[in-house]
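Start with the structure below, then work through the notes.

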Amino acid sequence: GKVEQYLRNEIKKHGTICLPLIDSENSTDAAAIARKVEEKGASAILVGGSSAIDQLELAKVVAEIKSKIKIPVILFPGNVTGVSPKADAILFSSLLNSEDPYFITGAQALGAIAVKKYGIEPLPTAYIIVGEGTAAWFVGRARGIPFHKPNLAVMYSLAAQYMGMRFVYLEAGSGASQNVPVEMVAAVRKQYEGTLIVGGGIRSPETAGQIAKAGADIIVIGTMIEKDGDWQEKFSSIVKAIRAR
Ligand code: 1GP
């Protein structure tokens with residue numbers, strides 16, 4: 001796929017890349033934010049979230065963002081409502097450690113035809129939730145991987161690889177008070193051969209730099225954008241820190 005190849009090239013060029021996450025229901029001016037993060041070194045934009053359900057709004061936000069930037073827009077769905085026609089690609093995710101088959105294969109079956117019809121590039125992704133207490137954990141009925149059990153994350157990641165998933169997303173959850181531990185990222189990196197995405201609770205260049213060094217290919221930054229007063233400066237520092245790994 002085009003977007004997958006583009007992401008691979010970006011990772012090759014920079015080491016670790018940053019994908020900012022824009023919540024279509026919680027952003028005041030998504031297009032302006034997208035333009036700013038593009039200018040400051042974002043490689044693509046993720047749009048979605050675990051509790052986004054307004055498809056009309058999502059479609060509008062995706063179209064607005066697309067009209068303002070050149071980098072790809074990738075959907076990050078929490079449910080079938082996260083599929084939207086104008087996006088370039090979608091993290092076609094299975095929440096591997098959910099206790100509810102709906103989030104492992106059910107929603108995927110329901111959403112697949114729309115992905116095909118709209119011509120969105122699917123990026124086969126194993127979504128693995130670490131810790132608990134976040135919206136993604138609650139909505140996705142996940143049995144969160146304990147923070148101090150990196151081997152459990154390795155088991156799921158290897159299983160994902162053997163099932164043909166070319167992306168693993170280690171997710172602490174949006175606004176998590178604790179990010180995915182560096183040790184867990186390093187342990188997964190040692191075994192998993194695909195593209196490794198890490199997100200949830202990352203707000204500082206120091207943390208982002210450590211996670212990049214541990215082997216993450218892609219770092220997702222959501223809450224910090226917009227919420228922190230000095231987010232633009234901080235975002236630039238994060239991009240710099242992860243590229244210098
Ligand atoms: C959430 O991993 C993303 O799905 C981003 O998390 O909002 O905590 O940056 P934050």
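**Pockets and cores at a glance**

By class, 9 nonpolar, 9 polar and 5 charged residues line the largest pocket. (Ala, Val, Leu, Ile, Met, Phe, Trp, Tyr, Cys and Pro count as nonpolar, Asp, Glu, Lys and Arg as charged, and the others, Gly among them, as polar.) This is a predicted model, where local features need pLDDT of at least 70, side-chain atom pairs count only at pLDDT 80 or more, and totals for chains, interfaces and linings use all residues. Residues are numbered from 1 along each chain as its sequence is written, and side-chain values use heavy atoms, leaving out hydrogens and water.

**Pockets**

- The largest pocket has a volume of about 430 Å³.
- On a 1 Å grid over the protein atoms alone, a pocket is an open set of points where a 1.4 Å probe fits, with protein on both sides within 12 Å along at least five of seven lines; lining residues have an atom within 4 Å of a point.
- The second largest pocket holds about 150 Å³ of space, and its lining includes L96, R143 and Y156.

**Cores**

- The largest nonpolar core has 58 residues, and I65, L170, V198, I219 and F235 have the most contacts inside it.
- A nonpolar core is a set of buried (under 20% relative accessible area, 1.4 Å probe, protein chains only) Ala, Val, Leu, Ile, Met, Phe, Trp, Tyr and Cys residues joined through side-chain atoms within 4.5 Å; contact means heavy atoms within 4.5 Å.
- Another core lies apart from it, with 24 residues, among them L7 and F76.

Notes
Grid points are joined across faces, edges and corners, and a volume is the space filled by probe spheres set on the points. Buried means under 20% relative accessible area, exposed over 50%, partly exposed in between (1.4 Å probe, protein chains only).
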